Amino acid sequence: MSGEPNTRLSDLFGLAGWSKGELARLVNRQAAAMGHPQLATDTSRVRRWIDMGESPRDPVPKVLAALFTERLGRVVTIEDLGFVRSGRAGKRRDVQGTDNPDGLPWAPDRTAAVLTEFTGMDLMLNRRGLVGAGAALAAGSALSSAMHDWLKTEPGTSQDPAFTYDPLHADPVGYDRYEAAPIGSQEIEALERSVEVFRAWDAARGGGLQRKAVVGQLNEVGGMLAYRHPDHLQRRLWGVAANLAVLAGWMSHDIGLEPTAQKYFVIAAHAAREGGDRPRAGEALSRAARQMVHLGRPDDALDLMKLAKAGSGEQTLPRTQAMLHTIEAWAQASMGRGQAMRRTLGEAEDLFVSDKGDVPPPSWMQMFDEADMHGMQALAYRTLAEHDPSAASIAQRHAKQALQLREGGRQRSKIFDYISLASACFIADDPEQADRYARLALVSMGETSSHRTWDRLREMYRLTGQYAGYAKIEDLREEIQVALPAAPSTKRRSTRI
């Protein structure tokens, strides 16, 4: 007991709207349903958790996490409640008042536990039709400072706590849990193939339709990781977990579940590092950076890109480095740093062409090809054009090259290219061409479930305002209004923790 109020629990308790007596009764009822009928919580004990900082014993933190998850309609973890997970190495005494409430970085057994808990509760929300929202995104600087040194070390070194998970022990919980059991190379190959199927579906149709399937697969892999396999199999299994977690995060971001997406990106970075794939860990963090730029927080994105590039290691292929540079350039463009953006994109181009292709790219980099390179350059220049309109013509050139190179099955990327091209045309005072490309984007949008395309379309719609007197553009504005769902009632920009 710290003697200080547990502010994180207090805040969530206030949002839930329970009385202390109600919460005590709910804890007892939920605990019994989870296989702990002996638990007897009362009002005074709940008061000590909230007002005095007392940490309840297991299984109460899990019970509370399940209750708050269901009540608030978003995933709430033990750390979100201000509790330190039992058995955790290197506990922080001041965890409730720090910028690192999740206690990053995690040991291998803790990564598997967090992965399984988080996906299980995410699935519970899906089953009951609830929406994950209302949490805050962690600042990029907080994540970077917490994970910087750890990410650059190799797994299994003396800095890591020993693997302590007992595969024969599993507490009953209120969410799905795969029973720990050994698997072989054939099962892992099947899992690896499933990742490719999910990745192709996401690129073609967006994240909304298959997200639940990806989260469910990741939940099962988390359970598999609870069993200690031979090192070569365990590394591959961590790789599958990293790939699925990135997909779960990207799909969550694609439909606007931003705090959920960030959590999956952090899980992916941990899983990749435990599998010995530091470039994959860096790429996972670069996804979190792209998310930050999309949400209007480029300073946080740059913090995350420093971590992604520093943690990727020397084995990172030139093409992967080029991809990382394009994200950094996009963040610089959104801040109006044209000179820095151009320099960073120049470095990206040099890296991209220097990749001889003699080393096959990993599966997670095969989507980043020449078309994507031009697409990211178009996005960066189109973003810079908001500050420097002369960049609009360069954005148009790159967007057209991207569209010429796009292969089939990349429908969402094509929509982004059309929107970048149309937006650049509006900025360049060419409404005729802008109207043409905007309509091509609209034709394709009904085939995807990507909220990000709506966000970009809203940005383009803003640019049409100066041409409101043009009959053709007036028609376009009406079509965009019909295509867009109602704007969210909350602000897009999330509050820092």
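Predicted model: local features only at pLDDT ≥ 70, side-chain atom pairs only at ≥ 80, totals over all residues.
Residues are numbered from 1 along each chain as its sequence is written, and side-chain values use heavy atoms, leaving out hydrogens and water.

**Stop 1: around D429**

Stay on D429 and look at the backbone. Its phi is positive, near 60°, in a residue other than glycine. D429 sits in the loop between helix 17 (411–427) and helix 18 (431–445). Helices here are DSSP runs of H or I with at least four residues, strands are runs of E with at least two, and both are numbered from the N terminus.

**Stop 2: the whole chain**

Zoom out. The protein chain has 20 helices and 0 strands. Of its 497 residues, 56% are buried. Now think about contacts, meaning heavy atoms within 4.5 Å. Among contacts with a separation of 6 or more, 75% are between residues 24 or more positions apart.

**Stop 3**

Pick T41, in the loop between helix 2 (20–33) and helix 3 (43–51). T41 has a relative accessible area of 9%, so it is buried. Show its surroundings: leaving aside neighbours within four places in sequence, T41 is in contact with A24, V27, N28, V46 and W49.

Next, select D58 and P59. The peptide bond from D58 to P59 is cis, with omega near 10°. P59 belongs to the loop between helix 3 and helix 4 (60–72).

**Stop 4**

Select residues 231–254, which is helix 9. Its 24 residues should span 34 Å at 1.5 Å a residue, and its end C-alpha atoms are 34 Å apart, which agrees (the expected span is 1.5 Å times one less than the number of residues). Helix 9 is mostly covered, with 19 of its 24 residues buried. It is followed by G256, whose phi is positive, near 90°.

Jump to residues 318–334 for helix 13. With 17 residues at 1.5 Å each, helix 13 should span 24 Å; the end C-alpha atoms are 25 Å apart, which agrees. Because 13 of its 17 residues are buried, helix 13 is largely enclosed by the rest of the structure. Just after helix 13, G336 takes a positive phi of about 80°.

**Stop 5**

Start with T260, which lies in helix 10 (residues 258–274). T260 counts as buried because its relative accessibility is 7%. Not counting residues up to four places away in sequence, T260 touches F118, D122, R211 and S252.

Helix 10 and helix 11 pack at an angle of about 165°, with their axes 7 Å apart. The axes are lines fitted to C-alpha atoms over the stretch in contact, and angles run from 0 to 180 degrees between N-to-C directions. Helix 10 and helix 11 are therefore roughly antiparallel to each other (over 145 degrees is roughly antiparallel, under 35 roughly parallel, 65 to 115 roughly perpendicular and the rest oblique).

Colour the contact: it is made by E258, A261, Q262, F265, A268, A269, A272 and R273 of helix 10 and R280, A281, A284, L285, R287, A288, Q291 and M292 of helix 11. These residues divide into 10 nonpolar, 2 polar and 4 charged (Ala, Val, Leu, Ile, Met, Phe, Trp, Tyr, Cys and Pro count as nonpolar, Asp, Glu, Lys and Arg as charged, and the others, Gly among them, as polar).

**Stop 3: helix 19 against helix 20**

Finish with helix 19 (residues 451–463) and helix 20 (residues 471–483). Their axes come within 11 Å and cross at roughly 155°. Helix 19 and helix 20 are therefore roughly antiparallel to each other. L457, M460 and Y461 of helix 19 meet R477, I480 and Q481 of helix 20. By class, that contact has 4 nonpolar, 1 polar and 1 charged residues.

R458 counts as partly exposed, because its relative accessibility is 23%. R458 and Q481 are 23 residues apart in sequence and 9.1 Å apart in space, C-alpha to C-alpha.

Definitions and conventions:
Buried < 20%, exposed > 50% of the residue type's maximum accessible area, 1.4 Å probe, protein only.
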